[in-house]
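Trainee: Please take a close look at one part of this model for me. Walk me through the part and what surrounds it.

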Amino acid sequence: MNKVLNLLGVSHSNEPDPETGLTRKEKHLVERSWNLVKTNLKANGMELFLLLFKECPEAQNYFPFRDIPLDELPNNGKFKAHAVTVMYSIGSIVDNLNENDVLIGLLQKNAESHSKRGIPEEAYWTLKKCMMQLLKNKLGPDFSKEVEEAWDKTLTVAFTVIIKNF
């Protein structure tokens, strides 16, 4: 059966990628679950940032919509645009899990952009926590223990690379 799955491009190998430590199975779980989340990037991105600002209200101070009350943010164009941009960035990470050179380049670019703005390292770990909550909210029963572990590992790898490049 594994040979058939491999021919179809679906491998469940537990051999970790030497650069990211992610297995093919973990990458597949992340890709498959992301396909469910990316169907509504704007709404999901806005929910992600609302979760972030509720978890860490001071994080809103790093954005041009810092003075907008939480309940008014969904009507703010800059907020919506940033939410979509971040979701596209996450999508780019997911889309390049099998292209380490591209993945590292994307993460380094993110680090460069955010370190210039004074975004603290801790903000990434808070964002990770909120992203995990968003995935749980959106995936429901599809947010299995395996999917949770795959996302946790993926985001840890991504944010570690970003922070190391600050």
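Mentor: Glutamate 121 sits in helix 6. Helices here are DSSP runs of H or I with at least four residues, strands are runs of E with at least two, and both are numbered from the N terminus. The model is predicted, so local features need pLDDT of at least 70 and side-chain atom pairs pLDDT 80 or more, while totals for chains, interfaces and linings use all residues. Residues are numbered from 1 along each chain as its sequence is written, and side-chain values use heavy atoms, with hydrogens and water left out.

Glutamate 121 is partly exposed, at 38% relative accessible area. The scale runs from buried (under 20%) through partly exposed to exposed (over 50%), with a 1.4 Å probe and protein chains only. Leaving out residues up to four places away in sequence, glutamate 121 touches Ile163 and Phe166. Contact means heavy atoms within 4.5 Å. Leucine 51 lies 70 residues from glutamate 121 in sequence and 18 Å from it in space, C-alpha to C-alpha.

Lysine 128 is also in helix 6. Lysine 128 counts as buried because its relative accessibility is 13%. Its contacts, again without residues up to four places away in sequence, are Asp152, Leu155, Thr156 and Phe159.

Of its 26 lining residues, Val86, Ser89, Asn110, His114 and Tyr124 are the closest to the centre. Helix 4 gives the most, with seven.

Now the terms. On a 1 Å grid over the protein atoms alone, a pocket is an open set of points with protein on both sides within 12 Å along at least five of seven lines; a 1.4 Å probe fits but cannot get out of a cavity, and lining residues have an atom within 4 Å of a point.

By class, the lining has 17 nonpolar, seven polar and two charged residues. Nonpolar covers Ala, Val, Leu, Ile, Met, Phe, Trp, Tyr, Cys and Pro; charged covers Asp, Glu, Lys and Arg; the others, Gly among them, are polar.
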